[in-house]
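Subject: Handover of a structure and notes on its salt bridges

Dear colleague,

Please find below the structure that I am handing over to you.

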Amino acid sequence: MPPITCHILDTTTGRPAANVLCELSYLTESNETIVKALTNSDGRVTNWEGNHWVTEELKPGTYRVKFHTFDYFQKMDRETFFPFVDIVFQIGEVPDNHYHIPLLLSNYGYSTYRGS
């Protein structure tokens, strides 16, 4: 399992949000996307696509997970106020073994927390 994972729960339906594109970036001057993945049928990203160090070890700094929510709602024939959700978080000088970024999502609101 990679050191950063995420998942999405659609709180309107009470079900996981499958097939949502998620992009993980390390925020520097260029803010490049380093890896990406689609959520699985359980709304989770457990394997990132891409060949970068984040899939093996972490370095301190600021990261962003961008959840592309517009297509998800469009496929379900539902409107949304948020075409994407950016969750920015910081990893300290001594990284933990794992960071989990959950997104609780509805058409007109969202929340997050540090998961386990």
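The model is predicted, so local features need pLDDT of at least 70 and side-chain atom pairs count only at pLDDT 80 or more, while totals for chains, interfaces and linings use all residues. Residues are numbered from 1 along each chain as its sequence is written, and side-chain values use heavy atoms, with hydrogens and water left out.

Salt bridges

How many salt bridges does a search of the whole structure find? The search finds three, where a salt bridge is a side-chain nitrogen of Lys or Arg within 4 Å of a carboxyl oxygen of Asp or Glu.

One of them joins Arg78 and Asp10, whose closest N and O atoms are 2.8 Å apart. This pair links distant parts of the chain, 68 residues apart: Asp10 belongs to strand E1 (residues 4-10), and Arg78 to the loop between helix H1 (70-75) and strand E7 (85-91). Helices (H or I, at least four residues) and strands (E, at least two) are DSSP runs, numbered from the N terminus. Arg78 and Asp10 are both buried; buried means under 20% relative accessible area, exposed over 50%, and partly exposed in between (1.4 Å probe, protein chains only).

Another salt bridge is formed by Lys66 and Asp86, with the closest N and O atoms 3.6 Å apart. Lys66 is in strand E6 (residues 61-67) and Asp86 in strand E7, so the pair ties together parts that are 20 residues apart in sequence. Lys66 counts as buried because its relative accessibility is 17%, whereas Asp86, at 30%, is partly exposed.

Asp42 and Arg44 also form a salt bridge, and here the closest N and O atoms are 3.0 Å apart. Asp42 has a relative accessible area of 40% and is therefore partly exposed; Arg44 is partly exposed as well, at 32%.

Two further residues

Thr46 is located in the loop between strand E5 (44-45) and E6, and its relative accessibility of 34% makes it partly exposed. Leaving aside neighbours within four places in sequence, Thr46 is in contact (heavy atoms within 4.5 Å) with Pro2, Thr5 and Asn40. The C-alpha atoms of Thr46 and His7 are 8.7 Å apart, although 39 residues separate the two along the chain.

Ser106 is part of strand E8 (residues 99-106). Is Ser106 buried or exposed? Ser106 counts as buried because its relative accessibility is 19%. Not counting residues up to four places away in sequence, Ser106 touches Thr11, Thr12 and Phe73.

Yours sincerely,
A colleague
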